[in-house]
Amino acid sequence: MSLDHKNDAEFHASLIEEVLKAYPDKAQKKRSRHLSVAKPADASEEGGEQNLSECAVKSNIKSIPGVMTIRGCAYAGSKGVVWGPVKDMVHISHGPVGCGQYSWAQRRNYYTGTTGVDTFVTMQFTTDFQERDIVFGGDKKLEKVIDEINELFPLANGISVQSECPIGLIGDDIEAVARKKKSETGKTVVPVRCEGFRGVSQSLGHHIANDTIRDWVLDKSEREFEATDYDVTIIGDYNIGGDAWASRRLLEEMGLRVIGSWSGDGTLAELEQAPKAKLNLIHCYRSMNYICRHMEEKHGVPWTEYNLFGPTQIAQSLRHIASYFDDTIKEGAERVIAKYQPLVDAVISKYKPRLEGKTVMLYVGGLRPRHIVNAYDDLGMEIVGTGYEFAHNDDYQRTGHYVKEGTLIYDDVTGYELEKFIEQIRPNLVGSGIKEKYPVQKMGIPFRQMHSWDYSGPYHGYDGFAVFARDMDLAINNPVWDLFDAPWTKTEPLAVAAE
């Protein structure tokens, strides 16, 4: 049975105290800075959007050795998030086979095209380092792999070299290889220094990937491009389960022209022409804000965040985006909102009675712990706890716009902490990653995989909201949870049960 969300702030604080007692004094002091309860918002908050709460915790700090962190590495942030979905480029996992193999096609980045001919997202390319490569270096092997790729896949428009840990340790000069092969083939070759040991999480991998786009892609080639007054680029949407397609459809319906998608279902050409947009629209702020700031500073392209999870945020975002354009787009935004209102009403009338009052705990990556909150609110559900794997301080500042006072806040939560929080709070639903899925279900608590939508999606846009509501209902109201208790734990007398 879940707690009363309105009266749980004190209980959440006591939970934090109880969990911290399990640590040695030094670890207890460090972890206490990462756990908190959302406090009342500062009345003097500046800016247009008023915070609902204040979610101040320490973040973007190295995990304590010995705890079971759920974070990823810089390689995961670069190859798995930013570069991997660029569909017409081959992405080489430069190093031993494991990193590429175990991250192969896990993100569900949907794309159009013919795999192995002009698109390569779900293919695994590796230099397959052996002991001799560690000893003698892998530059020549990398050159050979690039030559083979150009021969076997002539329609690949470029190559990225995603460095694994050994590359940084042995000092391979991947930049020299990239320059050499670009001069020989005329194709873009991007060296990415995203060795897994860099930084404290996958967040640095995002930053490194952004920097390589800046240094090796933008302003490097001239393509014919006929601009319009309504050109926008979608940035930081990786098309998980078709999300970017749902977003693109709404933007185009309101009259905008989407000239690029970074990087779900995106191409190298779309990366190159982004500085020609009139506005960059950033979905995942954490992974792509760096390149947006660069394009604003160098090319004068403004950028803004948007959120298409749930009808409340969709309407706000479409109107906010339209405010950058003329009345044609503003009228288009209102037309789109009105068009989908009957669908919204139907979804809410069907699922809100089944989900209202249900409690949710979230622990995901770079934006969903806050962005998806209003989608739950639209269904009458309450967020009782939320946190990020690799957030920075500004992410938690933004979280205050979404979560209420008293919400449990946890940064880089350890496996032990998350398990204890879930055991004590007993939410109706947990939304997190694949590593957390099965332990939570074994507690008898419904779970949704919120990194890749548990093989569902899209969740963006109005159509995505219908899918989202259905999936939450399927998870929470599945009759399997009535069978969770073993027959021999029933209080009913055996004789009665046998009749």
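Trainee: Which residue follows α12, and is its phi positive or negative?
Mentor: Gly-300 follows α12, and its phi is positive, near 70°. Helices here are DSSP runs (H or I, at least four residues; strands are E, at least two), numbered from the N terminus.

Trainee: What am I looking at, before we go on?
Mentor: This is a predicted model, in which local features need pLDDT of at least 70 and side-chain atom pairs count only at pLDDT 80 or more, while totals for chains, interfaces and linings use all residues. Residues are numbered from 1 along each chain as its sequence is written, and side-chain values use heavy atoms, with hydrogens and water left out.

Trainee: Which residues of α12 are buried?
Mentor: In helix α12 (residues 285-299) the buried ones are Tyr-285, Arg-286, Ser-287, Met-288, Asn-289, Tyr-290, Ile-291, Cys-292, His-294 and Met-295. Buried means under 20% relative accessible area, exposed over 50%, and partly exposed in between (1.4 Å probe, protein chains only).

Trainee: Switching to α3. Why does Ala-74 count as buried?
Mentor: Because its relative accessibility is 0%. Ala-74 lies in helix α3, residues 74-83.

Trainee: What is Ala-74 in contact with, beyond its sequence neighbours?
Mentor: Leaving out neighbours within four places in sequence, Ala-74 has contacts with Cys-194, Glu-195, Gly-196, Arg-198, Ser-201, Gln-202 and Gly-205. Contact means heavy atoms within 4.5 Å.

Trainee: How many residues apart are Ala-74 and Cys-194 in sequence?
Mentor: 120 residues, yet they are 5.3 Å apart in space, C-alpha to C-alpha.

Trainee: And Lys-79, buried or exposed?
Mentor: Lys-79 is buried, because its relative accessible area is 11%. Lys-79 is also in α3. Apart from neighbours within four places in sequence, its contacts are Gly-84, Ser-93, Ser-103 and Gln-162. Lys-79 and His-91 are twelve residues apart in sequence, with 7.5 Å between their C-alpha atoms.

Trainee: Now the surface. Which residues form the positive patch?
Mentor: Lys-26, Lys-29, Lys-30, Arg-33, Lys-58 and Lys-62. Patch residues have over 30% relative accessible area and no salt bridge; like charges are joined within 9 Å, nonpolar side chains (Val, Leu, Ile, Met, Phe, Trp, Tyr) within 5 Å. A salt bridge is a side-chain nitrogen of Lys or Arg within 4 Å of a carboxyl oxygen of Asp or Glu.

Trainee: Where does Lys-26 sit?
Mentor: In helix α2, residues 25-32. Lys-26 is exposed, because its relative accessible area is 63%.

Trainee: Which residues make up the negative patch?
Mentor: Asp-229, Asp-326, Asp-327 and Glu-331. Glu-331 is in helix α14, residues 327-355. At 55% relative accessibility, Glu-331 counts as exposed.

Terms used: Areas by Shrake-Rupley, 256 points an atom, 1.4 Å probe, with all protein chains shown as cover. Lys, Arg positive; Asp, Glu negative; His and termini not counted. Charge placed at Lys NZ, Arg CZ, Asp CG, Glu CD.
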